[in-house]
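We will go from stop to stop, selecting as we go.

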Amino acid sequence: MIETKELTKDYGFGRGVFDVSVNVPEGECFGFLGPNGAGKTTLIRHLMGFSRPDKGTAKIMDMNCFENAAKLQSDIGYLPGEIALPVGMTGTQFLRMLSQMRKVSSDDYMNELLERFALDPQMDTKRMSLGVKRKLAVVAAFIHDPKILILDEPTSGLDPIMQQQFIDFVLEEKRRGKTIFFSSHIFHEVDACCDRISIIKDGRVVDTFRAEDLKNRKERIYRLTFKDAESYAKFNELGYSITSENPDKMRVRITIDTDDVGRLIADAATLDLVDFVEIAYTLEDHFMSFYRQDHNFGGVSK
C-alpha cells in the first residue's frame with residue numbers, strides 16, 4: 001500500500017533523507033521513529049506528493065505519489081505535524097468545506113469524531129488553542145473515512161487524556177483494516193500502535209523490526225546487587241557479559257541468552273545477594289542504542 005525505494009532528497013549540509021526504503025502492506029500500522037530533524041516529515045511530504053525526490057520513488061497503491069497526488073487524496077487521511085488553519089471561518093465552516101470537497105454524503109462519521117475527541121468546532125479558527133486546532137485537524141483528516149492514514153507527530157499539542165483517546169482511535173482503525181503510517185518521536189505511542197517500526201537517524205533508516213520481536217528477544221538483562229565484596233568479586237570471575245557495574249554499590253548489570261538463565265540462577269544461589277532483578281528491554285533502550293555517539297553506520301562515525 002505504501003512503498004519507497006531508495007528515496008533521496010538532499011537539502012545540503014546533511015539535511016534530507018537518503019536511500020530510504022520502506023514497505024507497508026495493507027492493514028499494517030508502520031511506525032517511523034526518530035527525533036525532530038531526523039527526516040520523518042521530509043519522507044511524509046514525498047508520500048503526500050508535496051515534493052519530488054532527487055532519486056528513488058515513493059508510491060501509494062502502486063501509484064507514483066508526486067505524479068498522482070490529487071488522485072490519491074480521496075484514499076488518504078493526512079494529519080500534518082504543524083497545523084495551519086484558514087482564518088476568517090469557524091471550525092464548523094472549515095469542516096463543512098472539507099466535507100463538500102471530499103464529497104462526504106453524511107455527517108454521521110464527522111459527528112462521531114467530534115464526540116470522541118470532545119470538540120466543539122463553532123469557534124473561529126484564529127481564536128483556537130493549539131490543542132483545539134490539533135483536534136480539529138484530526139477530525140478534518142479522517143472526515144471521509146479514508147483507508148490509508150498518514151500521521152506526522154499526531155499527538156503533538158494534545159493533553160494526556162486526548163493522547164490516549166487518539167491511540168485508542170488508531171488501534172480501532174487498525175482493527176478495521178486501515179493502513180497506517182505513524183511518524184513520531186514518542187516511544188509509548190509507537191510501542192502501543194505499531195506492528196513494525198523503522199528508526200531513522202540523520203535521514204537514513206538504521207533499523208527496521210517487528211515490535212513483537214523486540215518484546216520476545218532472546219537476550220535478557222539482569223541486575224544483581226551483592227551483600228559483600230567477596231560475592232561481588234566471585235561473580236565478576238564467572239565470565240558473564242557485564243554491560244555495567246558499580247563497585248561502590250556492589251552491583252552489576254549483565255546481558256544473557258535465555259538458554260543460560262538457568263546457569264545464572266544456579267551461580268547466583270551460591271552467592272550472597274541483596275536483589276536479583278530482570279530489567280525489561282524497551283523500545284526506548286533499542287532506539288537509544290542507535291543514538292549513542294560511538295555507534296557506527298555504514299563506516300561513518302556518528
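**Stop 1: Met63.** Select Met63, which is found in strand β5 (residues 63-64). Helices (H or I, at least four residues) and strands (E, at least two) are DSSP runs, numbered from the N terminus. This is a predicted model, where local features need pLDDT of at least 70 and side-chain atom pairs count only at pLDDT 80 or more, while totals for chains, interfaces and linings use all residues. Residues are numbered from 1 along each chain as its sequence is written, and side-chain values use heavy atoms, with hydrogens and water left out.

Is Met63 buried or exposed? Met63 has a relative accessible area of 19%, so it is buried. Buried means under 20% relative accessible area, exposed over 50%, and partly exposed in between (1.4 Å probe, protein chains only). Now show what Met63 touches: Ala58, Asn68, Lys71 and Leu72, not counting residues up to four places away in sequence. Contact means heavy atoms within 4.5 Å.

**Stop 2: the open sheet.** Select β2, β1, β4 and β5: in that order, these four strands form an open sheet with antiparallel pairing. β2 (15-24) and β5 are at the edges with a single partner strand each, so one side of each has no neighbour in the sheet. Strand β4 (residues 55-60) pairs with β5 over two bridges; two strands pair if DSSP finds at least two bridges between them. Ile60 has Met63 as its bridge partner in β5. Next, bring up helix α1 (residues 40-47), which lies across β1 (2-12), β2 and β4 and runs at about 120° to β1. Axes here are lines fitted to C-alpha atoms, for helices over the stretch in contact, and angles run from 0 to 180 degrees between N-to-C directions.

**Stop 3: strand β7.** Select residues 148-152, where five of five residues are buried. Ile148, Ile150 and Asp152 point one way, Leu149 and Leu151 the other. Strand β6 (residues 76-79) runs parallel to β7, joined by four bridges. Gly77 is partnered with Leu149 in β7. Strand β8 (residues 179-184) also pairs with β7 in the parallel sense, over five bridges. There, Leu151 has Phe182 as its bridge partner.

**Stop 4: the nonpolar core.** Which residues touch the most other members of the largest nonpolar core? Ile60, Phe142, Ile150, Leu151, Phe166, Phe181 and Phe182 do, out of 68 residues. Such a core is a set of buried Ala, Val, Leu, Ile, Met, Phe, Trp, Tyr and Cys residues joined through side-chain atoms within 4.5 Å. Helix α5 (residues 130-142) gives the most to this core, seven residues. A second, separate core has 14 residues, including Tyr222, Phe226, Tyr232 and Tyr240.

**Stop 5: aromatic pairs.** The whole structure holds 14 aromatic pairs. Rings of Phe, Tyr and Trp (its six-membered ring) pair if their centres lie within 6.5 Å; planes under 30 degrees apart count as stacked, over 60 as edge-to-face and the rest as tilted. Select Phe50 and Tyr78, an edge-to-face pair at 5.7 Å centre to centre with 65° between the planes. Phe50 is in the loop between α1 and β4, and Tyr78 is in strand β6, 28 residues apart. Phe50 is partly exposed, at 41% relative accessibility. Then go to Phe287 and Tyr291: their centres are 4.6 Å apart and their planes at 20°, so this pair is stacked. Finish at Phe117, Phe142, Phe166 and Phe169, which ring pairs link into a cluster.
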